[in-house]
Amino acid sequence: LQAPPGVTLALVDVGMDVPPNLRVAQIAVNERDAQSIEVRIDGDTQAARGRTAVLTLNGVERGRQVLPADGVLPLTLGFQVGELSEGEHRVSVALTPADALAADDSGHTLVRHLRPKVLVVAANASGDDVAYLRAALQSLANPRFDVEAAGPAALAQRSLDGFAAVVVSD
């Protein structure tokens, strides 16, 4: 057997004398703050000494944090990235400098940022009940809703497939 062109075999000894290792375990948008990315770092505490986590968003560095030398692992880091525009965003995190097992020193994810549309149906599309429901729906930090209002008669002429939810005010 022969390996395909451009493929090399790397043997990594994972026996008893394994050097300290750190890895990027998870990258996700903070559930409570859509403007923050959370990164979970896991591994050996002694491998954190002198290491830095660097976050890039769509190829542009957006933050770096020095890992605490005496921190408890797993460690969760928060990076403020600001309001993301609608669409897909590439997020990468790299631990620098690399350790003995460099293959797990970086992580990558794709974040889809959508603003779900909500239709509020009420007898009067500009009534107080619509204003109240619009304010309540738009007060959420995550997810952010785009709210439209319509009267019952307008439903016969429009499709509802573009809406994540329909709220009917009685």
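Two residues are in contact when their heavy atoms lie within 4.5 Å. The model examined here is predicted. In this model, Val-39 is in contact with Val-24, Gln-26, Leu-55, Leu-75, Thr-76, Leu-77, Phe-79 and Val-93, leaving aside its neighbours within four places in sequence.

Val-39 belongs to the largest nonpolar core, which has 22 residues. Together with Leu-22, Ile-41, Leu-55 and Leu-67, Val-39 touches the most other members.

Asp-105 sits in the loop between β6 and β7 (106-113). Its relative accessible area is 3%, so Asp-105 is buried, the cut-off being under 20%. The side chain of Asp-105 makes a polar contact of 3.3 Å with the side chain of Arg-51. Asp-105 also touches Asn-21, Leu-22, Val-24, Val-93, Ala-94, Leu-95, Ala-98 and Asp-99, when residues up to four places away in sequence are not counted.

The surface was considered last. Leu-155, Leu-160, Val-166 and Val-168 form a nonpolar patch there. Together, these residues have about 320 Å² of accessible area. Val-168, one of the four, lies in strand β10 (residues 165-168). Val-168 counts as exposed because its relative accessibility is 62%, and the cut-off for exposed is over 50%.

How values were computed: Residues numbered from 1 in each chain as written. Predicted model: local features only at pLDDT ≥ 70, side-chain atom pairs only at ≥ 80, totals over all residues. Heavy atoms only, no water. Core = buried A, V, L, I, M, F, W, Y, C linked by side-chain atoms within 4.5 Å. Buried < 20%, exposed > 50% of the residue type's maximum accessible area, 1.4 Å probe, protein only. Helix = DSSP H or I, 4+ residues; strand = E, 2+ residues; numbered from the N terminus. Polar contact = N/O pair within 3.5 Å; in protein donor to acceptor, adjacent residues only side chain to side chain. Patch = residues over 30% accessible without salt bridge, like charges linked within 9 Å, V, L, I, M, F, W, Y side chains within 5 Å. Areas by Shrake-Rupley, 256 points an atom, 1.4 Å probe, with all protein chains shown as cover. Salt bridge = Lys/Arg side-chain N within 4 Å of Asp/Glu carboxyl O.
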